[in-house]
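Welcome, and thanks for taking a look at this one with us.

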Amino acid sequence: MQHEPLMLERTFNAPIDRVWKAITDNKQMKHWYFDLDDFKAEPGFEFTFSGGSKEQTYIHHCKVTEVITGKKLTYSWRYEGYPGESFVTMELFPEGDKTRLKLTHAGLETFPAGKDFARESFQKGWTQIIGTQLKEFVEKPVQQD
C-alpha cells in the first residue's frame with residue numbers, strides 16, 4: 001500500500017500576499033474553497049464543512065496546526081463518523097512576481113477503503129480546487145472584499 005503523501009504544485013500569476021490572503025481570509029475562501037462558517041489562520045482554530053461526492057456528503061473536521069504567515073498553513077483533516085486523520089499543508093514560494101503553491105496531503109492511507117477516500121479522488125479534488133478554482137480566483141483582477 002502506498003503511504004506517500006499526495007503532492008500538487010501550481011504557479012499562479014499573482015503575488016504571494018494575494019495568494020496568502022486567498023488561502024487564509026474566510027471571505028476570500030468562500031469564492032474558491034468550501035463555504036466555511038469561520039476560519040482563522042491561528043494554531044488551534046477548528047473548523048468544519050460539508051463536501052464529498054455526488055453519492056455521499058461528509059462532514060469534515062479540521063484544526064489548524066501550523067501557521068508561518070505568508071509562507072505555510074497546515075491543518076488536520078478528518079471525517080465525522082469515520083476513522084483516520086490526515087494533514088493538509090499549503091506552502092507558498094515567491095517566484096518573481098508569481099507564486100508557487102505546494103500542497104501536501106499526508107495520511108490518506110489512514111482513511112477507510114472506498115472510492116471517496118481513494119487517492120485518485122483526492123488528486124482529482126485538489127487539482128480542481130487548487131489548479132482551477134484558486135488559480136482563477138487569485139489571477140482575476142483584485143476586488144475589494
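Which residues line the largest cavity? They are Ile-23, Met-29, Trp-32, Tyr-33, Leu-73, Tyr-75 and Met-90. Before going on, please note that this is a predicted model, in which local features need pLDDT of at least 70, side-chain atom pairs count only at pLDDT 80 or more, and totals for chains, interfaces and linings use all residues. Residues are numbered from 1 along each chain as its sequence is written, and side-chain values use heavy atoms, with hydrogens and water left out.

**Cavity and pocket**

- A search of the whole structure finds one cavity of 30 Å³ or more; on a 1 Å grid over the protein atoms alone, a cavity is a set of points where a 1.4 Å probe fits but cannot get out, and lining residues have an atom within 4 Å of a point.
- The largest cavity holds about 40 Å³ of space, where a volume is the space filled by probe spheres set on the points, and grid points are joined across faces, edges and corners.
- H2 and S4 each supply at least two residues of this cavity's lining; helices (H or I, at least four residues) and strands (E, at least two) are DSSP runs, numbered from the N terminus.
- The largest pocket holds about 650 Å³; a pocket is an open set of points with protein on both sides within 12 Å along at least five of seven lines.
- Of the 23 residues that line the largest pocket, Gly-52, Ser-53, Ser-121, Lys-124 and Gly-125 lie nearest its centre.
- H3 provides the largest share of the pocket lining, eight residues.

- Buried residues of H3 include Phe-122, Trp-126, Ile-129 and Ile-130, where buried means under 20% relative accessible area, exposed over 50% and partly exposed in between (1.4 Å probe, protein chains only).
- The largest nonpolar core has 39 residues; such a core is a set of buried Ala, Val, Leu, Ile, Met, Phe, Trp, Tyr and Cys residues joined through side-chain atoms within 4.5 Å.
- H3 gives the most to this core, with seven residues.
- Trp-32 is one of the residues with the most contacts inside the core, and its partners beyond four places in sequence include Ile-129, Ile-130 and Gln-133; contact means heavy atoms within 4.5 Å.

- Leu-92, in strand S5 (residues 86-95), is buried at 4% relative accessible area.
- The C-alpha atoms of Leu-92 and Ile-16 are 6.9 Å apart, although 76 residues separate the two along the chain.
- Ala-14 sits in the loop between S1 and H1 and is buried, with a relative accessible area of 1%.
- Between the C-alpha atoms of Ala-14 and Lys-135, 121 residues apart along the chain, the separation is 8.9 Å.
- Lys-102 belongs to strand S6 and is partly exposed, with a relative accessible area of 22%.
- From Lys-102 to Glu-91, 11 residues away in sequence, the C-alpha separation is 5.2 Å.
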